[in-house]
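I opened this model to look up a ligand shell, the strands that line it, and a sheet elsewhere in the fold. My notes follow in the order in which I looked things up.

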Amino acid sequence: MTSDHKGLISREQVKAFRKDGVIVVRQAVDRAGVIALRDAIERDIQQPGPFVHSYTPQDGQGRFYGNLRTWETDSALRRFCFDSSLPAMTASLLETDRVNLLYDQLFIKEPATENSTRWHNDQPYWAVRGWQVMSFWIALDPVTLESGALEFIRGSHRWVRWFQPQAFGETEGFDDYDNNPDYELIPDIENGRSDYDIVSWELAPGDVYAFHALTVHGAGGNLMERVRRRGYAVRYTGDDAVYDTRPGTHPDLRSDHHIDGERLDSDRFPLVWPQFERLGD
Ligand SMILES: O=C(O)CCC(=O)C(=O)O
């Protein structure tokens, strides 16, 4: 298999990412990294950072715990977002020279949590425009369809359709997203599954889904009685991404310090690749 110059992602994977909008990278995070992320998540659950948002359990049991921008308050997560192999993998997959960290997010579905994650694509939620925008979703437990593996519509990023954001569930202190007249309502994918090319992969701890910000995806609940489903997502952007003030984005993901069309480089959206540039070498 031919690898690109950074040696982490093969040319075949770049091609598949461009065509399908999603790939799996096996063992992208080593055992020590998985343990560090699990520890950080437990710290956050014990003492949540400011953007915590749990969703009301659908059937009164289990727990769907979420938080975002956790790297800003946890030094281990900050180190991971800056210094793991993810920024270099982003440079390869987005075919970009520069990578900014957009934000990170926790998605923890405890055992017996029926809450599914509705079908959506991410970029309409984010105050950023440009094509070079993507996520990694890192498995910190074994992930199967029964425990809430993500499902993706292959190639849906190339539809270039912006679907109106909707809340994933009832969350204290947040009603719903502003309507954006340029967005469209997402079709009822769940009841028309055979019309779509839906793909999913089981993951081991340390495996990641890497997906474009316009790829449509969703997930079932965690129906396992004992297995947790801890997912940690990190979002990055490339050269062509700029700040966007359009309506409909998540209020906690906006910035008071950027104007429309501005490059992201800042403390809030730090440059993480090339690493030598960030370190000022
Ligand atoms: O983990 C989940 O259930 C949803 C993840 C997701 O939608 C995302 O990372 O964009």
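I count a residue as near a molecule or strand if its C-beta atom, placed from the backbone, lies within 6 Å of it. The model is a predicted one, in which local features need pLDDT of at least 70 and side-chain atom pairs count only at pLDDT 80 or more, while totals for chains, interfaces and linings use all residues. Residues are numbered from 1 along each chain as its sequence is written.

**Ligand shell.** I first listed the residues around the ligand, which are Phe107, Thr117, Asp122, Ser135, Trp137, Leu150, His217, Ala219, Gly231 and Ala233. They divide into 5 nonpolar, 4 polar and 1 charged, where Ala, Val, Leu, Ile, Met, Phe, Trp, Tyr, Cys and Pro count as nonpolar, Asp, Glu, Lys and Arg as charged, and the others, Gly among them, as polar. Strand S7 (133-139), strand S11 (217-219) and strand S12 (229-237) each supply at least two residues of this shell; strands (E, at least two residues) are DSSP runs, numbered from the N terminus.

**Strand S12.** I then asked how many residues of S12 are buried, taking buried to mean that 20 or more other C-beta atoms, placed from the backbone, lie within 10 Å of the residue's own. The count is 9 of the 9, so S12 is largely enclosed by the rest of the structure. Arg229, Gly231, Ala233, Arg235 and Thr237 point one way from S12, and Arg230, Tyr232, Val234 and Tyr236 the other way. In a regular strand the side chains alternate between the two faces of the sheet.

For the partners of S12, I used the rule that two strands pair if DSSP finds at least two bridges between them. Strand S4 (residues 99-109) pairs with S12 in the antiparallel sense over 9 bridges, and Gln105 stands opposite Ala233 there. S7 is also antiparallel to S12, over 7 bridges, with Phe136 opposite Val234.

**The open sheet.** I next traced an open sheet of 4 strands in the order S5-S11-S8-S9, with antiparallel pairing. Its edge strands, each pairing on one side only, are S5 (117-120) and S9 (198-200). Strand S8 (residues 150-153) is joined to S9 by 3 bridges, and Phe152 has Val199 as its bridge partner in S9.

**Val22.** Last, I looked up Val22, which lies in strand S1 (residues 22-25) and is buried, with 28 other C-beta atoms within 10 Å. Leaving aside neighbours within four places in sequence, Val22 is in contact (C-beta atoms, placed from the backbone, within 7 Å) with Phe152, Arg154, Tyr209, Phe211 and Thr215.

Note on methods
Buried ≥ 20, exposed ≤ 12 C-beta atoms within 10 Å, placed from the backbone. Contact = placed C-beta atoms within 7 Å.
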